[in-house]
Each structure stands twice: as structure tokens, then as C-alpha cells.
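Trainee: Could you take a close look at one single part of this model for me, and then connect it to the rest of the chain? I'm new to this, so please spell out the terms as you go.

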Amino acid sequence: MTVAAPDPREVREASLDELSRLGLPLPPAQFPLVWEPGDQIDLRPTAEIEARIAVLHLILARCFGMPPQAAMSWLLGSHLVDMVTPPEWQFVMGGKGDHRSFVLHHDALFALAWVLGLSKQLDPTLAVDERLVERLPHIAEGETFPHWRSRILTAPQHPADAAALLDLHYCLDWAYLETERGGRRAPGLVDANAIGQRRWALEWAVILRGPYHDEPPGWEEVDLST
């Protein structure tokens, strides 16, 4: 559901308060807002987010030893071939690409699970909930994407809540990188890579509409450069 975006300055103030609570450096005063007053926000369709979760879960299975033919068979049986991006396809079928970068998608998947209510928290100080795997497709047991969708009960977050968490991770991404550059320890159990992956997922899942926003990006088109 498309709703009016909350006041971006109030959301940013809350994000900065959280950074202060965590003992993290604050971004500069000119650090951009994620959206502007008067913008609208929405989430991607639930089925699209579910498909992205399933594909990322398959890629992780491939990272940890699933044979390429078994992966291809699962994608065909789940009717998800069209949801795999070209870099993902090269990795799934040929093992090409940065293996470590695909393993890091574990945290992106975690953030998407939070968006759909499959995980109760997305705390920057906590690692991925180990119980999450039970709420994901049981690929090794042959559970297809349609069967998984019929088994789970999604409860998508309100778009305003997801947008607020996106703003927080936008600020956290800067703060964690700055902390690592300074040789300091980050709070909690995750590092800048994990925060970046969670931001990636939220940037993709939250749709922002307004005069300064382009069309929602594809998974590989998400811009994390700022």
C-alpha cells in the first residue's frame, strides 16, 4: 500500500539518536536525506520479495556445496529462473564471481525476511537469527517455491516502518565504514559488510516515489555509493 512518507527530518533525528546510543560517529550535517517531504512510500509486492528471498537462499545453498545441476533443477521446479540476475546465474551454473560476496547475502536475506515479518527484529548489534532457516525454503528436502509460499505466513511491515529502518541503515552504513576506517571496533556482533547487505535489501524492498526518485532499481542496480 502506498502511503505518505513520514517527515524525513524526524526520522533522521531518530536514526542519529540510535547511532549516538550505539557510540557510533555521526554523519556530517550535509548527509543527504533518503526521501523528501511530500514523497510517498511503498513496499515491493510480497510475491516479488518472496522470490528474491528464495533465490538468495538458493545461492547460499550453492555457496555451501549444492551442485549446479541440483540448483538448476530447483529453479526450474520453482519457476524462478527469470528471477535470477545475470551475475547470480553465472555463479549458480558456473561458479563464476566473488564467492565471498554471495555468502554475504546472508544478511540481505535476513533483512528481506524482516520486511515480510518472518523475522521479528533487525537489530544492528545482533547477528542473523539462527531460527530463520526454518522459515526459509527447505531446498535440500526438495521443497519448491510454491510449497514454501503456502507454508509460511507473511506479515509485511508497514511501509513507514520499513522506510525508517532504511534511513537508519543508510546512516549506519556510513558510521560502520567510518568506524572501520578509524581502526575502531563496531558495537555488537556484525560488521560493515553485514550492515551494507541489510541496507542493500532495504533499498531494494522500499519503493520511494517523488519528483527526485527514479523508477525502483533492479537487485543489481541498487546504488550503495552514497
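Mentor: Let's go to His 79, which counts as exposed because its relative accessibility is 67%; exposed means over 50% relative accessible area, buried means under 20%, and partly exposed is in between (1.4 Å probe, protein chains only). His 79 sits in the loop between α3 (68-78) and α4 (86-94). Its phi is positive, about 60 degrees, although His 79 is not a glycine.

Before going on, some ground rules: this is a predicted model, where local features need pLDDT of at least 70, side-chain atom pairs count only at pLDDT 80 or more, and totals for chains, interfaces and linings use all residues. Residues are numbered from 1 along each chain as its sequence is written, and side-chain values use heavy atoms, with hydrogens and water left out.

Helices (H or I, at least four residues) and strands (E, at least two) are DSSP runs, numbered from the N terminus. With 8% relative accessibility, Arg 12 counts as buried. Leaving aside residues up to four places away in sequence, Arg 12 touches Phe 31, Pro 32, Leu 33, Val 34, Asp 167, Tyr 170 and Cys 171; a contact means heavy atoms within 4.5 Å.

Next, the strands. Three of them form an open sheet in the order β1-β2-β3, with antiparallel pairing. β1 (3-4) and β3 (206-209) are at the edges with a single partner strand each, so one side of each has no neighbour in the sheet. Two strands pair if DSSP finds at least two bridges between them; strand β2 (residues 40-43) and β3 pair in the antiparallel sense over four bridges. Across that pairing, Asp 42 stands opposite Ile 207 in β3.

Let's zoom out to the protein chain. It has nine helices and three strands. Its radius of gyration is 18 Å, close to the 17 Å that the globule rule gives for 226 residues, so the chain is as compact as a globular protein of that length. That radius is taken over C-alpha atoms, and the rule is 2.2 Å times the number of residues to the power 0.38. Buried residues make up 50% of the 226 residues. Of the contacts with a separation of 6 or more, 74% join residues 24 or more positions apart.
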